[in-house]
Amino acid sequence: MTDPNPLSPPALETHVTAHDETFLDSNELVINMGPQHPATHGVLRVILRLDGEKVLGLECVIGYLHRGVEKIAENRTYTMFNPYVDRMDYVAAVSNGLGYCEAVEKLLSVDAPPRAQYIRVILTELNRIASHQLWLGTHALDIGAITPLFYTFRDREEILKIFEKYCGARLTTHAFRIGGLQYEAYEGFEKDVRNFISFFKPKIDEYEELLTTNRIWLERTRGVGVISGKDCIALGVTGPVLRASGVKWDIRKAQPYANYKNFDFEIPIGLNGDTYDRYLVRMVEMRQALRIIEQAVEGIPEGPIMAKVPKVMKPPVGEIYHSIEAPKGELGYLIVSDGSTQPYRVRVRPPSFVNLQALDLMCRGQLVADVIAVIGTLDIVLGEVDR
Amino acid sequence: MDAILSYITSYLSSDLTPGAAGNWFWATVYVLLVFVGLSVAVICMNWLERKILAHMQVRLGPMRVGPHGLLQPIADALKLLLKEDIIPAEADGLVFWVAPFIVVLAAFTVFVVVPFGPTHAITDMNIGILFMLGVSSLSVLGIVTAGWASNSHYPLIGALRSSAQMVSYEVAMGLAVVSVILMTSLNEQGIGTLSMIGIVQAQMAQQEWFVFKFFPLGLIGFFIFAVAMIAETNRAPFDLPEAESELTAGFHTEYSGFRWSLFFLAEYSAMIGVSSVAVTLWLGGWLRPFPNWLSGSTWDLFFSLFPGLTFLFLAGMCFFNVVRMPKHPLFRIQTMGLAGFGVLLGLIGLILFVPAVRDRVGDIFWFSAKVAAFMYLYIWYRGTFPRYRFDQLMKVGWKVLLPMGLGLLILTAATAFVEPSVEQWLRHIL
């Protein structure tokens, strides 16, 4: 049977209010950007309505990378589903794993032992740096600076090497297990992490030297894609985007999870909520992440790495929502248990998906080139948007 | 037969360019030489850009095709020639077909007046610089038609951006050029010149490159031109028309294969073209460095050894890498090829030491070396800067460079008017 209404993009007029007058009464231009456009960070499709180069409105079409991760969860045991979450935000797989493991632990009412907590924090913060490095490289590339990409990737390699040594995988690590860790930190793990800290500190200065005071970079990012803190909250935008708009909200401080309350670090906030502030906030976050890692690696306690968790997990009936501060914002897991070995429902609250809502608001009245900058600054990963 | 021979040989004793001397035979030879030289330069530039950019970006660049990727541009050219030639169904076939040729024609025709030496130019026009600016701005026509004929949104936006950009930067560029023409009027004759050769001769007569003239006025003019020429050739940080991350490839999105390679060729030869204008107008064209400080026949001899030494140095680099090549049999052909290339370069270098050759190529060498420095700048910018946004680009053109150019023009004119009397006055009180 053929579908009488084949899949087609919804008519734009119904979604974008058309009361803006075009300049000189010229025709509006509707441009399709993506899904295989080089600057949409994957398979995002954006339909732009333009007046010349000015953006009157835009609409995102997502779902090109939909794999039904949430549905898969309903047919896997809690343990079996663990690797799948790595495939959502594949540049911050460790954070995804941390969120899921902690959510199930909360459901089971177990706590990971302190040593496991420390190693988790180290790896998660390393992953935050790796994610921010990838963001910086691609964001700068979109704005036309091609060199930072290679610098960030060169340095990201050092983090991936630590991941590889720890668990054998570089990208989709599956580093954590429910209840703790599967692997003990390898011989020389602490030394590697310390080496990385001393290696990476001057590298951040190097990135900043290339961009922070660069005249063209300032012109391209200042006052571009401005969003107020109020709008952020209304749209549910979280993470560095929210903080750059002046809202001091970081789940690591606000609802401490893992053992973040043991560490001393600061939450950077921006003032103007523009692309430049978001850039600065992320740069400071990288430095703060190094600070956390430094403290964690000094204080790793001895002890077991795995809590007492049953082989066959049957969490009690109930539901749990647990969120963590992923590199891109609040990553939440709602898990409903019906007492069986498989979750009844898993709902993921991915930061990229929610942050992407703000794209239209941030781009209106700006130019086509700014759309690229704003997509870059939102730091979306389509694997996480579409799931 | 004798008549033909004497026609050919008669030119050799003249000290004019073949075009100005009206000798068709030598003019054709020069045209062919410039065409071949330019194509080779574009190929070299392609390889150099990829290698230099790669080394700036902590990577190696092409390494597989030939030793250190030396054959990569040739492999690329072959690939492009063998590709299917696609004309989109919706495109305007004829205009689509003509557009790249307009761009290439405009880019190559400017070399008619480029002086590689006092007699090494195809022709010397009395309106040389005007001709050059006029012809080079024709390329915008090709770009607009390319974008229009593609009948697609992205190329259209790219073409619009490009035309707006080229037109606005030409104004500032022209003002900077006029300030140089004012400076040429200060030689003994007191008459300005638009001829490219005349401009270099004026710098020779005044014993000063125009970039240092009326410090800092010459330098400002040079700066304006140096910025405008990057925008004019659509290179980073002004490469909006082909902003990869926004418009995929700008006006040539729909082009492929040979036609695309024509745009590529035109872009690079336009870069060389505007660089040679900058070199001619501000950096003394074919004149060797420090003719005032380091004058005398000994220094002349010393500087005339440079071309040969450069080629010997390149040959030495080749041999150095022959030694470093892996000794594996798989690399034997590459090693032999590199050695052969080194021998070739070395031979050229040795030939350049022969006095008769040495005296004739010196000016071409210095001209090319200065242009090469500009090419390096182009690559350096590309590796360093982010891209301007369209409105900012227009702002820089109209609100910064244009007022600067106007002010510069007025100041230069005033200085040129006042300077002789100031000099007399100074002489009077001293």
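Modeller: One term before we start: a nonpolar core is a set of buried Ala, Val, Leu, Ile, Met, Phe, Trp, Tyr and Cys residues joined through C-beta atoms within 7 Å. Also, this is a predicted model.

Colleague: Fine. Which residues touch the most other members of the largest nonpolar core?
Modeller: Ile122(A), Val371(A), Val103(B) and Ala228(B) do, in a core of 207 residues. Helix α5 of chain A, residues 114-143, gives the largest share of this core, with 15 residues.

Colleague: What is Ile122(A) in contact with, leaving aside neighbours within four places in sequence?
Modeller: Val193(A), Ile293(A), Ala296(A) and Val297(A).

Colleague: And the second core, how many residues does that have?
Modeller: That separate core has 6 residues, among them Phe311(B), Cys318(B), Leu338(B) and Leu345(B).

Colleague: Switching to chain B as a whole. How many helices and strands?
Modeller: Chain B has 17 helices and 0 strands.

Colleague: What radius of gyration does chain B have, and what would a compact globule have?
Modeller: Chain B comes out at 23 Å. For 430 residues a compact globule would be near 22 Å, so the two agree. Along the principal axes, the C-alpha atoms of chain B fill a box of roughly 75 × 55 × 55 Å.

Colleague: What percentage of chain B is buried?
Modeller: Buried residues are 42% of the 430 in chain B. As for contacts in chain B with a separation of 6 or more, 76% are between residues 24 or more positions apart.

Colleague: Back to chain A. How do β6 and β7 run, and how many bridges join them?
Modeller: Strands β6(A), residues 318-326, and β7(A), residues 329-337, run antiparallel and are joined by 9 bridges. The link from β6(A) to β7(A) is a hairpin through 2 residues. As an example of the pairing, Glu319(A) has Val336(A) in β7(A) as its bridge partner.

Colleague: Now backbone angles. What is phi at Asp379(A), and at Val58(B)?
Modeller: Phi is near 55° at Asp379(A) and near 45° at Val58(B). Most residues other than glycine have a negative phi.

Colleague: Where do they sit?
Modeller: Asp379(A) is in the loop between α15 (368-378) and α16 (382-386) of chain A. Val58(B) is in the loop between α3 (24-56) and α4 (72-82) of chain B.

Colleague: Buried or exposed, and why?
Modeller: Asp379(A) counts as buried because 27 C-beta neighbours lie inside 10 Å; buried takes 20 or more. Val58(B) has 11 C-beta neighbours inside 10 Å, so Val58(B) counts as exposed, the cut-off there being 12 or fewer.

Notes
Residues numbered from 1 in each chain as written. Chains lettered and ligands numbered in written order. Predicted model: local features only at pLDDT ≥ 70, side-chain atom pairs only at ≥ 80, totals over all residues. Helix = DSSP H or I, 4+ residues; strand = E, 2+ residues; numbered from the N terminus. Rg over C-alpha atoms; globule rule 2.2 N^0.38 Å. Contact = placed C-beta atoms within 7 Å. Pairing = 2+ DSSP bridges.
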